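The sequence and structure come first.

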Amino acid sequence: MLRFHPHFSSLLAGSALLLTAVTAVRADIVSDWNALALESMTTTADPLVAHDLAILAASMYNADQSIEGTYNTYDYGAYPAPGSGPVGADSQAAMIAAANTVMQYLYSGSSSEASALYSSQLSGIADSQAKTDGIGWGITIANNLLSARSADGSADAATTTYSPVGTIGYWQQTSAAGALLPGWGSVGTFSIPGTGSYMTSLPGGSVTSYLQSSQYAADYAQVKDLGAAFSATRTSDQTNQAYFWAAGDGTVKMTGMWNQIATTVATNAGLSTADVAHLLATLNVAMADASTAAMATIYDTQFWRPETAIANGDIDGNASTDVDSFWAPLITSPSLPEYVSLGATISEAAAVVLASYLGDSVSFSLGSDINGDGSIDLTRNFTSFSQAANEAAMAGVYGGTQFQTSVADGQIIGYNVANYVLGTNFALVPEPAGAVLMMLGGLFFLGARRRR
């Protein structure tokens, strides 16, 4: 059974919105830049996607709120909250300039597309001193945040030296690809005070203890049965779930799928440009920090993938695990250790944030590009954010790449990180719901985090 965590409801609790496409019905400044960013990130790994989207969204949010002052501006660590923008400056011009500055710096390969969007959006604002001041301020905001993040470790995460342990229970590479971002667990966070308090550990506290447990035997049997390439018991719907959430190269990745959900639902809900900026900043900071905590856990634990485990079921020290040397997963295993599930972590963090803004019971549809060719191959319907998050989490089991324990513990990380972010950097103040979140912020369930 998946863990289901109750999500906060605030602005539109109980609403039911129908999302009929992955692109927003009406474009706005924030959604346009978000969409351009996703198009530029299809060959980028999920943690880096979340990291870069957090910089983009926080820059736009601060450019807007340092002028408008509806919400508290974002700050963290070496990055102080910006002061008030120039009196009378145009906040939309500031947001546009901030977004263009970030995209030109992070994704120079999309420079022409960014320049075109920048010019198009600014052409809708009449020339004035307010526009000029807004542009200059937005550039300053973006450069300050980019500077603060320049030494956060993200540039070196892929080249960090990594040597697999190479013994029973530990991850062995299953493809020619090198270890994915082995240094990402040391990347500077955006909101949480480091990853240590959010990391989880295997049952029993060690690889050996978990391998010898009845819980591992149950996890093993489940994924061996449901996750096999030619499983006789996995339903067609479960197969579709595995493919739908696989989010491989050429796609917008798991992080991007949750951004697509967010921008369209927010637009259909009629949120203002400022509120969309607020939502996306919260969402992406939460997913970025959840990813970092998950990656720290992944490379700290270094647990093996099901395909390696099942091929070695006769020598793992557990009498209840049957070896199958010919077993293969439905979905190709990602090139990093198994515990915890990155997809489950990201999805839980996203669902908690979205539910805090819109209520959990929001109906929507989402399309998925399964093969990375740029077109939608499969569309699924959901009645809540938590349903989508649970499905995304279980997709790893159905795809044969994750054990159930990894999924459940990944959800714990995502849940705890998201609630910290909601109660700290992006509390919904001065909205009435914000006061509720502030009161509940101290009650988020760090206590539910197991075995650390």
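Helix H13 (385–398) gives the largest share of the lining of the largest pocket, four residues. This is a predicted model, in which local features need pLDDT of at least 70 and side-chain atom pairs count only at pLDDT 80 or more, while totals for chains, interfaces and linings use all residues. Residues are numbered from 1 along each chain as its sequence is written, and side-chain values use heavy atoms, with hydrogens and water left out.

The volume of the largest pocket is about 870 Å³. Its lining has 40 residues, and those closest to the pocket centre are Ala246, Ala247, Gly248, Thr332 and Pro334. Besides H13, the elements that give two or more residues to this lining are H2, helix H8 (236–244), helix H9 (253–268) and helix H12 (342–358). Helices (H or I, at least four residues) and strands (E, at least two) are DSSP runs, numbered from the N terminus.

Pockets and cavities are both found on a 1 Å grid over the protein atoms alone: a cavity is a set of points where a 1.4 Å probe fits but cannot get out, and a pocket is an open set with protein on both sides within 12 Å along at least five of seven lines. Lining residues have an atom within 4 Å of a point. Grid points are joined across faces, edges and corners, and a volume is the space filled by probe spheres set on the points.

The structure has one cavity of 30 Å³ or more. The largest cavity holds about 50 Å³ of space. Val30, Asn34, Leu53, Leu56, Ala57, Met60, Leu280 and Asn284 line it. Helix H1 (29–40), helix H2 (46–68) and helix H10 (273–301) each supply at least two residues of that lining, and H2 gives the most, with four residues.

The table sets out both linings by class. Ala, Val, Leu, Ile, Met, Phe, Trp, Tyr, Cys and Pro count as nonpolar, Asp, Glu, Lys and Arg as charged, and the others, Gly among them, as polar.

| Space | Lining residues by class |
|---|---|
| Largest pocket | 22 nonpolar, 13 polar, five charged residues |
| Largest cavity | six nonpolar, two polar, no charged residues |

The chain as a whole contains 15 helices and two strands. Strand S1 (residues 364–368) runs antiparallel to S2, and five bridges join them; two strands pair if DSSP finds at least two bridges between them. Ser365 has Asn381 in S2 as its bridge partner. In a regular strand the side chains alternate between the two faces of the sheet. In S2 (residues 378–382), Leu378, Arg380 and Phe382 form the covered face, and Thr379 and Asn381 the uncovered one.

Of the 452 residues in the chain, 59% are buried, that is, under 20% relative accessible area with a 1.4 Å probe, protein chains only. Two examples follow.

Ile135 is found in helix H5 (residues 129–149). Ile135 counts as buried because its relative accessible area is 18%. Beyond its neighbours within four places in sequence, Ile135 is in contact (heavy atoms within 4.5 Å) with Ala93, Ala94, Ala97, Tyr118 and Leu122. Ala98 is 37 residues from Ile135 along the chain, and their C-alpha atoms are separated by 7.8 Å.

Gln121 lies in helix H4 (residues 111–122) and is buried, with a relative accessible area of 12%. Not counting residues up to four places away in sequence, Gln121 touches Asp28, Ile29, Asp32, Trp33 and Ile96.

Definitions and conventions. Buried means under 20% relative accessible area, exposed over 50%, partly exposed in between (1.4 Å probe, protein chains only).
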